Every structure is written in C-alpha cells, then in structure tokens.
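Please open the structure in your viewer and keep the selection panel at hand.

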Amino acid sequence: MSKWIENKEGMRVLLMGNEAIVRGALEAGVHVAAGYPGTPSSEIIENLSKVARERHLYVEWSTNEKISLEVAAAASFAGLRAICPMKQNGVNVASDFLLHLAGSGTRGGLVLVSCDDPGALSSANEGESRHFARMIEIPLLEPGDFQEAKDMTRWAFELSEEIKNIVMVRSVTRLSHASGSVRLGKLPEKKGTAEFRFQGPFLNPDTGPVSSMPVAYHHDLQHKKLDRVRELFEESPFNTYEGPEKPELLVITSSACTLYCREALNLLGLKDRVGLLKLGTTWPLPPKLVKSYLAKAGKILIVEEVISFLEDSVKILAAEQAAEIGIKTFYGKNDGSIPMIGELNPDLVAAGLSKIMGVPYLSMDGAYEKEAQEAAGSLAPGRELNFCPGCPHRASFWSIHKALQLDNRQGFVCGDIGCYSLGALPAGFQSVKIAHAMGSGLGLACGFGKLGDFGMDQPTIAVCGDSTFFHAVLPALVNAIHQEAATLLIILDNSGTAMTGFQPHPGLPINAVGQEAPKVDIARVCEAMGAKVVIRDPFNLEETRATINALLEQGGVKVLILRQICALSPEKKGKEDYRMQIDESRCLGDECGCNHLCTRIFRCPGLIWDKGTKKSRIDEVICVGCGVCADICPNGAIMREEPVSL
Amino acid sequence: MSDTIQGHGQAALRTRVRETKFCTACGACVNLCPYQAYYQDEVVTLHVCDLQEGRCFAFCPRTATDLDSLRARLFDPQDLTPEIGAVKDYSICRAADEKIRRQAQHGGTVSALMSLALEEGIIDTAVVAQGGDRFTHQGVAVGEAAEVRKRGKSKFIAAGTIAAFNRAAQSDSQKIGVVATPCQALALAKMRMKPFPEKDNNIDKLKLVVGLFCGWTLSWKKLIPLLKTRTNLEEIVGMDIPPGKGQVAVFTQTGAIAIPWEEIDPLVREGCRICLDTTAEFADISVGSARLPEDWETLRSWNQVIVRTKTGQDLIDLARKKGILEFREVPAEVLEELKKAALNKKRTALKTIMEKTGTPEDLIYVDRRDSVICRILG
C-alpha cells in the first residue's frame, strides 16, 4: 500500500498531481473507479487499484473510455460516488455517452478527470478536452497546483451531487506528472451502499428511471443546474487574485499555466505592475467575478495551453459588459503573444509579457546556453526515437517491411497510436504510412480495401496492439468482414497495455486489482467473426515474412497475431534469451557489402558501430538478448549464445 | 538516360533501371548485399543503401556498358560478327541420350553439356533456373548432373539466376558453371571486368557460361491471370513457341492450348523490349532451338549451338568425343537466317530505345560509338 494513503489528516506530503487527484477522490469517499490507460492519466486508476481492498473500492480497467464512463455512471445512478479518468483522446471516445449522461443527470457524485497533453509529450495529438465541457454543458474545474488537484477533486464530487450532474476536472501533463506539496484531509470511514431506484415518478431525479428524454425538459433542467454552478463559482475559493489594485495588465490564467505565470512575473519583476487572476472554475465562467477584475485594467493577457478556450470565454463576457467596463485590449493566443501550439513554460510566458510590458527579457545568457548545450551533447548519448532493445515491434516491422517490398505492389501499413506508431519512422523501417486514432488503422484499411473498382491494387496491412484490439478494433473488424474488404490485420500482441505501463486488458487472465479474471482469446474472437487467423512469433523473421507474403496474396480478411512479450514487461525484465556476441573475424565492417545494415537500418540501440574498430559491437548494458539481430547479419557475424545464469 | 541521379549506386539503379522498368530481373544486383532481393519475378529494394557506388549498378546489364571492351576481353577478334557476336563454331546437335531430351525443352544440349561439365570436373557447381511455387522461377545451384537434367525446360519467365550465382560464388564452390539468358550472360561478363578489384575475387570461380537464345521473358504477375483463364496452373507441363504461327503453345496434362501472340505481347517485360541480344553473345557457348526446314515435331528435338570461346570449344569437342551429343549437317541457309533474325531484333530494340530517349545519342545502356551499333545505325 502506498505510504501517502496511510498519512493522516493535516500532514504535508509530496504528491504527484495524479496522486493528489486520487487522494482527493479518496477523501471524497469515492466507491467506484473505471478508466482506460492513457498517458498522462494512467496513475489515477493504478493508484486507486492499489488501495481498492483497504478503501472498499471497485476499480477496473475498462475496454475503452466510453465503457469506463458507463461503468462509473452506473455507480452514480446507484447512489455511489465514482471517478472516471482518461486522457484527452478518451473524452472523444466517451463523448457519445457523455452527451446523453449530461442530459439525464446523475445521482451519486460523478467526476470525469481528463488529463490533457499540451505539446503532445506522450500523445499523437494536442487534443483539447475543455471544449467538451462547453459543448456538453457541464461544469469544468482546472486545478492550478497540487493542493488544488486534491481539493478540487474532492469538491467536484460535492458539486456533482449538488447539481445532480457530472463534473469535469481537467489536468495537464505538467500537473499530473509533476509533484508538489499537498496537505492531506480526512479520509472517510463509511462504505457505500448501492441501489438503483427507478420506482418513483418518471421525472424524479432521485427515484425515477434515468434518461435524457424528454429532451426539452432535461435540457432546460441542465441549464438551471448551470445557473446554480455560476452562482457557486462566483464564490469559489479556487479563483484567486494576486497583484496590485490597479494593474497595468491583468493576466488571466488557469491550470499549470498559473505556475508559469507566477514564475514569469517574478523573473521580470512585474508583480507590482501586473495582476494575476487565476481561475479554477473555467466553465461556465462566473460573470460577476470576471467582470470585477476586467474592470481593473485596460490590457488583458490570457495565458493557457492548446486552444484559446479561456480567451474566447473571457472575450464574450468582456463584450457583453463593454458598456460598463470599457473596451479592453486583449493579448493571448490569437494575437500571438502566447504560442498557439505546444506546451507553455515560464520562458514563453515571460517572452509574451516582456513584449506587452516593454521590459527586456533574455531567457538565458548566450554563453551559458551554449555551454549547457555542449555539456548535454557530450554527456547524453545521441538517440533517436526508437524501439527499445529487444522490442518485438522492431522484429514485426522488419518482416512487414520486407514482405511489402517483396510483394512490390506499393503496399502500405495503416498504423495506430501507441509504441508502434514508431513504425512510421526509421525505427519501423517507415512501414506505417498513415496513422490516426486507436483502431483507425483497420477502419482505414477497410476503406482502402474497397477501392479495387477504382483501380487501386495496393495491398493494405492494418496494425494494432492487443489492448487496442479490444478498445476500438473489434467494430472495424466486424466491418471489414461484413464488407468483404481485402485486408490483413496484424495484431502486435505484446501481452499488455505496454506503452502506458502494462495495465492488464481483457486478453489477459488478470484484472486491475490483480485478481484472476476470464481471459478473452483474441484469436478465437477473430475466428468466430469469420477471419482467417494465423499466429506467429515475430522473432522468427523468415517464417513471419513468408506468412505475411502468403496472406497478402489471399483475398478476404486475414488476421495475423504476432505474439511476443514486450521487452520491458515486468515478466520479462532481466531475463535474457541469449547472450549476444559479435564474431570480429566474421564482421567485415566497412569492407562488407552490408553498408552497416545492423546499425544503419536495423537500428537496435543494443548494436553499436564502433568507430575505432570499424566494426559492429553489442552494447552489453542495454542488449536484452532477444537474438533477432543474428538473423539479419548477412555474414553471420552476430552470434547467439546461451546466457550464463548468475 | 540522362545523368540526373548522382552516383552509381542503389539509388541510380532504382531510378534508372527499375522505375523505368528496364530491369530484366537477371539477379546480378542480388545477394551481393542485403539491400536487393529477387521475389517471384522481380528484383526489389529491401532497404535504402546510401553508397554512391556499388557492384549492383556496375554489374547491371541495363546500366552503361562498353560492349567493345567486353568483346575484346572475352573473345578472339577474328570470331566476331556484328549480328550474333563471336562465332568459333556453329552446329546443329542434340543430346545423344533420349532420356535427357525428354526432360528438356528441345534437343537437351544444355542439359547434356552442363552434366558433362559437372561429371568431368570442369565445374563443381551448376547454376540453373528451376520452377517454383505457382509457376515462379528462380536460380538454384546444384552439384549433381541428375539435378541439372531435372531442370531442363524453358522458363519464359525471369528466374534471377545470377542471384544464385552470387550466392554460390560466396560458398565453398570453386568452379561454377551458369546457364544464362543473354542479359544474365552480359551481367556475368561485366563482373569479369572486375570494376571493384578488391571485392570481386569470387568472379574467378566462374568457369563456364552456357547461354540460352532468348527473345523475351514474360511478366509473372501478368501471365498468371492469363493462364488462369485457360487452365489450372498445376496442369501446365510446359510452354513453347511454334515457329511462324504467331502464337504461344501451353502444354497441359490433357493437351496443348494455343494463345495468340496479341495476348502474349503485352506481357513481355519492358526490359526485354530494349534487348539487343538474341543469342547470349557473352556466353562461352550459346544454345537455342533449331530452325530447320522440317516439321516442328522433328526440329523440336534439335538445338543450334554457337561456340564462342576456347572454353566452349573444348567442352563441345569433349562432348563430341564422348558421344554425348549427336550432330547433323547444317543446311547452308540456317546460320544466315539466324543472323538475319538477330539483326532484326537489334534494329527493333534500337528503335524502341530511341523512341524512349528521343535521341540516337542516348541509347540507355549501350554506347552510340559501339562498333556494332555503328554498323547498324551508320
């Protein structure tokens, strides 16, 4: 059990943002938690699963985010408190149910935590989830520090129960994954009791059936709830102001940007001239509060990440109140003071501030910057985005690439997000030519597979992972089979949701809290649907390649499962299949016709081109001994030896 | 083609030979490195090689070739003819052993000569083409005469034979004989020039090249769908071109199927349409089907043979001495007919080349100043 779960009320502890959210949920007495892994949100379910037994929680990794929200909503309808964390993409997946849920309303406190990823540090997009709050018309809270991450989460449950609707808490990577000091509150003792009551009158929110219909009635009710939310937000302690009474510039911000703004104002020595309005309740905005601060200054700078969501909302309020507070000059993303794309940091905020305020700012002394870059360059190994040593995906893409080249019909891979998105890079031999959302590879391949009548004869391969297969590929596979789309689905089955930290999925005989669970067999599912299924070990390069070529020449929907456990899996870690050696007498180095195939093309980080000997060598520190490279050396210079057990 | 691609490596080979579809799938660029492969009937790039100069480019029969230098290096100048290359000796013959003939396309001369070369230790390895899965073909190295005889039929589809030679040359084989089409023989001849002396030691293992007369090969990917409209692939036992009929005969277990030339012509590889060589001019000895005044059934059991080098002469003399081949008299007009046909092919190919490049100054892989080209174009 994590130490900080034991900590008593009033103690200060160092918590990661996601841990603070967990602590807030626990202090709120949460009963049910359901989510799908996705950076930067994954630690929320993980930490809750660790205390599930002690805190009498039900915790699950659901098949996808829509299902996780449905699971959490069921708890709410039964009168329990529930939390549903996900990354920004997940909100898109859940949004269909979310729209209906916002209409029907909730019972027990229900909190959706969206962890956005500005800068796409661990994502394939910079998705903005805040718009969902406005679009679906539910309250939005944005913690500005670690203490607030805990306190706001706890309060979100109370707010949800007060308005009987779901509340969205939005975090970002820098908050979810950084750590800060948090003073703990009290953990409740009681265990919840679940009962779904439906015997009451049709429209009774506590005892009647639950539905978003009649729509007009519920939509009107939803707006009345939002009116109440505005009132509560006017008084919220999560909205704070620091700065002079009459600032030359008012900065309005939220979320982790609060920290960047404070630091930037300090760096520039502008604390006495510039005011900082930090908002924690960002939709719907409390109009009176915002108006009172807009009135203080003629110039307004809005600092936020991803889309100009807060800026737009503030400008609407300012326009509505212009007659009273005067015309304002706005700075932010739209005028270029703050970058439209990427993650912010104190430097970027300071750069914007310095321009508006006319104060000089140099982020770093030029000489120091140069020295720092040189030091970093000399000490850190230069590594590109690459698969880990021993990663089965490298072997899989090697065979996929080779098969497509041999096939010689300009075939291509419709990829997916996850580790295997590296298949678009030299690490995956640039096999992936198109990649979008989870499961979209097969959906796209279905489409390409139906273009034969228009003269398209390029074969398509769709790839997905084992977890993604359950998340979003199943409907696409049904479609491919029913529409008779000629395609090959390759499932890169590495036995876990690897990229986010080996969370279990329905294909594994274990659940989120470590108990045995029925395992859903991917191969049998595909076969039952009517696909031809072949299972291969991707480490067997030639057999895999030949299988792919054979399948590419067959019509209909084929599924190839390439099964090999992730090299970083806890089950695998530390175990070598082979001890790899390079026979220096056989490695011809520059004299070989191979033109550095192993280090230039195969590119496993465990292989190094030794500039001294002008030959390849094994980096014994990171080589995990998968043995695959032995099969790619044209001169047989890479040798597998049985590992010595220590 | 104009010199738009820098270097003489894989990139140039890819742009100038494969993307232009001039590639004959001879296999010369395969198995020298891990970057090219032969599959079905195509040579493909597996990965990008960034070397600016490579054997792949140098050996390719469709990259710039100094044919006069090759002739000077390989043949006796007095044997050279403009139409069919060096001719030391010309004969009509066939395998004396009727069993060999039955396994062969025509007279079984190639099988008999390669078997003899193996049995006499002139070579220890024979590189020949063999049929594979679903009518594909590929080169294979064999060490036994019986293995050569099993692979006697004409293929009509590229077999990438030189890829198998490259592999055999890196193996323990010391004396290698190759049965080669004209483009394959040209690739081997270019190898013998050793443009990369430090990497070309293995070419000295090449002891014998038996050339095959060749008019064209067909694209496998295009041929298979056509054949499937006429018969089951499994039932096909052979193919041939009956002279003067304007059709290709496909022999099945239940009889012959005639396919009109109009249907076959679109299947011919583009790389074959620019080929100047009918008779495998860069072989030691070249063998083709006989063109005689008699009926087809009779002439199908005979070959015509051009001996080009001393190696070729020694082998055929040995075959004659040992009674392995039987000879018949050569009608006076036959050689002239062959020369005429070969010259026609050169003219047609040159016309096609000039249509592609738009100028007689750019002849893709041959030099405008070449002595034979000068004889034809003036």
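The stops below concern a helix pair and several salt bridges. This is a predicted model, in which local features need pLDDT of at least 70, side-chain atom pairs count only at pLDDT 80 or more, and totals for chains, interfaces and linings use all residues. Residues are numbered from 1 along each chain as its sequence is written, chains are lettered from A and ligands numbered from 1 in the order in which they are written, and side-chain values use heavy atoms, with hydrogens and water left out.

Select residues 257-268 of chain A, helix H10, together with residues 346-357 of chain A, helix H14. Their axes lie 8 Å apart, at an angle of about 55 degrees. Among the residues that meet here are Tyr260(A) and Leu268(A) in H10(A), and Pro346(A) and Leu353(A) in H14(A) (contact means heavy atoms within 4.5 Å).

Next, select Arg603(A) and Glu384(A), whose side chains form a salt bridge at 2.7 Å, N to O (a side-chain nitrogen of Lys or Arg within 4 Å of a carboxyl oxygen of Asp or Glu). The two residues are 219 residues apart in the chain. Arg603(A) is partly exposed at 22% relative accessible area, and Glu384(A) is partly exposed at 38% (buried is under 20%, exposed over 50%, partly exposed in between, with a 1.4 Å probe and protein chains only).

Move to chain B and select Asp133(B) and Arg134(B), a salt bridge at 3.3 Å, N to O. Asp133(B) is exposed at 53%, whereas Arg134(B) is partly exposed at 36%.

Finally, return to chain A and select Asp116(A), Glu128(A), Arg130(A), Glu142(A), Arg170(A) and Glu304(A), which are linked in a network of salt bridges.

Terms used
Axes are lines fitted to C-alpha atoms, for helices over the stretch in contact, and angles run from 0 to 180 degrees between N-to-C directions. Helices (H or I, at least four residues) and strands (E, at least two) are DSSP runs, numbered from the N terminus.
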